[in-house]
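Trainee: Please take a close look at the side-chain pairing in this structure, with the cut-offs behind each term.

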Amino acid sequence: MKNRLILLLVALVWGTTFIFQRISTGTMGTFSFIGLRFILGAAAILPLVFLQKKRNNTAAQQPADAKKTHAVAEIPDAPETKETPWPLWLCGCIIGCMLFGGSAFQQQALIYTTAGKAAFITSLYIIAVPLVGLLIGQPLRITHIVGCLLSVCGLYFLAFQNDGQPLNFGDFLTLIGVLFWTLQILFIDRFVRWYPSIYLAEGQFITASVLGFIGVFLTGEPLSAEAIRQTAVPILYAGIMSSGVGYTLQIIGQAKVPPTEATMLMSCEMIFGALSGFLFLNETMTLREFSGCLLMTGGIFLAQLPGRIIWYGRRS
């Protein structure tokens, strides 16, 4: 239960971050914002990285019998297995690339679409994760399917209007970002078995920040002290709360929650995103959109209920 509440808190933090991201589009470019927010996020969790390293060193110095008795209690965050076929730096780079890709498309999309709409379309990964998970042998339950179908209906009401207006350019960019968020969730689910989650969080932030500044250099995007001053509050919130707190809690929460269920919980950010957009940016919601919100909420909670497994995935 604690891990599920952590993921719900992550959804709240991420949902409210949409409004700060949208505000930042008026004063700072996409790559500059990504580079600054994630380097700040990496700095914010650095003390936790050193604390984890200290705990690991302490555990390594304990007698074998003491390790068996106390290792898990002292390091609740420890990986489940000592098998580490991929090095830590590579794991951090992989999820960092996924984080950068999803953030870049999402940030650019917010120039053209609303915070609430971007939040809802981003939640399409609730469908993508179980589908992609089938390819790597993860089981699928009937409640997952019904919940996803109900969520799709909700997304239709939320993303499309009565006049049949298609997705705009911002909505299209957000959809591309869904692929990166999906892969990030699945990679994290694998890597937390090998390494402490805080190490993975630090690695992904550094990678995403470096890629952001590379994007600034390659595109010639302007970055000035005045732009940083004008965007200080969005950068601080996105860097410390969304990046430093949110993404770290995501990795910690996912350590003991199945990826499909973790996706459902974190997708509540769409609701928080729409509500914060309404409260702080005066983004309105029609009756049709509100109905979609209710359908989406029903689908999310339905997918978390126990159900018959209809596909067992690859057997070991």
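**Side-chain pairs**

Mentor: Arg193 and Asp189 form a salt bridge through their side chains, with 3.2 Å from N to O. The term requires a side-chain nitrogen of Lys or Arg within 4 Å of a carboxyl oxygen of Asp or Glu. This is a predicted model, in which local features need pLDDT of at least 70 and side-chain atom pairs count only at pLDDT 80 or more, while totals for chains, interfaces and linings use all residues. Residues are numbered from 1 along each chain as its sequence is written, and side-chain values use heavy atoms, with hydrogens and water left out.

Buried here is under 20% relative accessible area, exposed is over 50%, and partly exposed lies in between (1.4 Å probe, protein chains only).

The count of salt bridges comes to four. Another of them joins Asp171 to Lys117, with the closest N and O atoms 3.1 Å apart. Asp171 sits in helix H9 (residues 169–191) and Lys117 in helix H6 (residues 115–122), so that distant parts of the chain, 54 residues apart, are linked. Helices are DSSP runs (H or I, at least four residues), numbered from the N terminus. Asp171 and Lys117 are both buried.

Arg229 and Glu226 give a salt bridge with 2.5 Å between the closest N and O atoms. Both belong to helix H11 (residues 225–230) and are three residues apart, about one turn of the helix. Arg229 is exposed, because its relative accessible area is 54%; Glu226, at 40%, is partly exposed.

Next, the aromatic rings. Rings of Phe, Tyr and Trp (its six-membered ring) pair if their centres lie within 6.5 Å; planes under 30 degrees apart count as stacked, over 60 as edge-to-face and the rest as tilted. The count is nine aromatic pairs. One of them is Phe20 with Tyr237, which is stacked because the centres are 4.3 Å apart and the planes are at 20°. Phe20 is in helix H1 (residues 2–24) and Tyr237 in helix H12 (residues 232–254), so this pair ties together parts 217 residues apart in sequence. Phe20 and Tyr237 are both buried.

Phe191 and Trp194 make a tilted pair, because their ring centres are 5.6 Å apart and the planes are at 40°. Both residues are buried. Ring pairs also join Phe191 and Trp194 with Trp86 and Phe187 into a cluster.

The cysteines give a count of zero disulfides, a disulfide being a pair of cysteine sulfur atoms within 2.5 Å. For Cys91, the nearest cysteine sulfur belongs to Cys93 and is 9.4 Å away. Cys91 has 0% relative accessibility and therefore counts as buried. For Cys97, the nearest cysteine sulfur is again that of Cys93, at 6.4 Å, and Cys97 is partly exposed at 35%.

Ala109, in helix H5 (residues 88–109), is buried at 0% relative accessible area. The C-alpha atoms of Ala109 and Gly170 are 4.0 Å apart, although 61 residues separate them along the chain. Beyond neighbours within four places in sequence, Ala109 is in contact (heavy atoms within 4.5 Å) with Gly170, Leu173 and Thr174.

As for confidence, pLDDT (the predictor's confidence in each residue, from 0 to 100) averages 82 over the chain, and 87% of the residues score at least 70. Residues 67–76 have pLDDT below 50; this stretch has eleven contacts in the model beyond near neighbours in sequence.

Methods:
Helix = DSSP H or I, 4+ residues; strand = E, 2+ residues; numbered from the N terminus.
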